[in-house]
Amino acid sequence: MKKKLIIGMMVAAMAVGMTACGSKEEAPATTAPAEETKEDTAAEAEKTDESKDAASALSGTIVITGSTSVEKILNDMKDEFTAQNPNVTIEYTGSGSSAGIKDTKAKTNNIGASSRDIKEEEMEDGLQIETFAYDGIAVIVNPANEAVANLTTEQLTDIYSGKITNWSEVGGDDAEIFVVSREESSGTRSAFEELIKLEDAGGLTGNASVSEGNGPVQAAVAENENAIGYVSFSFIDDTVKALTVNDVEPTAELAKSGEYPLSRPFNFVYFEDNATDAGLAFLKFALSEEGQACVENHGGIRID
């Protein structure tokens with residue numbers, strides 16, 4: 001009897017020992033994923049550090065000249081980019097699209113900004129074009145001009161060529177139309193005139209008042225109840241009234257879809273060997289989610 005009891009106790013002890021060994025053998029399987037997670041976390045941290053190092057390594061000044069239509073978007077991008085790259089300075093001068101392209105070709109800037117398509121005669125070997133947004137051109141009048149809410153592209157052509165000179169001819173009050181346009185180097189003017197085929201009608205009327213920049217056009221229309229002008233979408237506010245064109249509202253969605261008839265691209269132009277590392281990094285930033293948020297925040301239309 002004692003022998004049976006001893007044998008039983010030995011069998012039980014062996015079973016407990018085997019169970020304990022089994023637990024020890026299985027332990028590594030449960031700890032392996034935790035070790036992999038730590039390694040992944042370390043790798044991600046290393047990548048983050050590398051990104052920070054790359055950002056801090058960028059330095060110098062990026063000179064950008066050109067379109068005034070991109071001013072609000074570009075200034076926002078500039079602030080975001082330099083906040084991430086404190087050793088980089090961006091100098092932007094709104095001089096008009098044609099001037100920006102000319103500066104790029106002369107290599108007096110690093111990047112040119114154009115609010116229109118690049119003309120065939122402006123192309124040059126090695127010149128790179130990067131579309132970073134789309135925009136609509138809004139036709140604006142003074143809010144006191146309540147009778148006129150819509151104009152056709154044909155009516156716009158007639159007004160800007162001088163064929164139509166009185167608001168009564170397009171359903172408004174009996175008052176002379178004060179036509180406000182842009183300077184010759186303006187990308188907005190070039191795009192607007194091309195879109196309404198103004199050249200086919202003899203070009204801009206000699207009676208037009210010429211303002212340099214979207215802001216001055218907006219101010220001129222806001223100050224004169226008989227004025228008409230055109231500005232980038234980002235310059236629409238409650239000081240002016242934006243008209244529908246061909247009965248289509250001037251919205252980003254309708255401009256991107258092509259339904260709104262007065263729309264155009266925002267482009268950067270550059271030579272890769274003259275853009276600098278900082279400039280090329282800025283161009284990449286402009287196409288990123290953060291850069292495209294700047295586009296959207298100021299009434300522009302994202303490229304995606």
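**Reading the packing, charges and rings**

Mentor: The buried residues of α6 pack against β4 (127-141), β6 (178-182), α5 (187-195), β7 (209-211) and β8 (227-232). Contact here means heavy atoms within 4.5 Å, and helices (H or I, at least four residues) and strands (E, at least two) are DSSP runs numbered from the N terminus. This is a predicted model, in which local features need pLDDT of at least 70 and side-chain atom pairs count only at pLDDT 80 or more, while totals for chains, interfaces and linings use all residues. Residues are numbered from 1 along each chain as its sequence is written, and side-chain values use heavy atoms, with hydrogens and water left out.

Trainee: Which residues of helix α6 are buried?

Mentor: Buried means under 20% relative accessible area, exposed over 50%, and partly exposed in between (1.4 Å probe, protein chains only). In α6, which spans residues 214-223, the buried residues are N214, V217, Q218, A220 and V221. They lie on the same side of α6 because they cover an arc of only 160° around the axis, the arc being that of the directions from the helix axis to the C-beta atoms.

Trainee: How many salt bridges does a search of the whole structure find?

Mentor: Side chains of opposite charge can pair when their charged atoms come close. A salt bridge is counted when a side-chain nitrogen of Lys or Arg is within 4 Å of a carboxyl oxygen of Asp or Glu. The search finds eight. One of them joins E183 and R182 at 3.0 Å, N to O, and both of these residues are buried. In another, the closest N and O atoms of E193 and R189 are 2.9 Å apart. E193 and R189 are four residues apart in helix α5, so about one helical turn separates them. R189 counts as buried, at 12% relative accessibility.

Trainee: How many aromatic pairs does the structure hold?

Mentor: Rings of Phe, Tyr and Trp (its six-membered ring) pair if their centres lie within 6.5 Å; planes under 30 degrees apart count as stacked, over 60 as edge-to-face and the rest as tilted. The structure holds 10 such pairs. Among them, F192 and Y230 are stacked, at 4.0 Å centre to centre with 15° between the planes. F192 lies in helix α5 and Y230 in strand β8, so this pair ties together parts that are 38 residues apart in sequence. F192 is buried, at 1% relative accessibility, and Y230 is buried with a relative accessible area of 1%. Elsewhere, ring pairs link F81, F132, F266, F268, F282 and F285 into a cluster.
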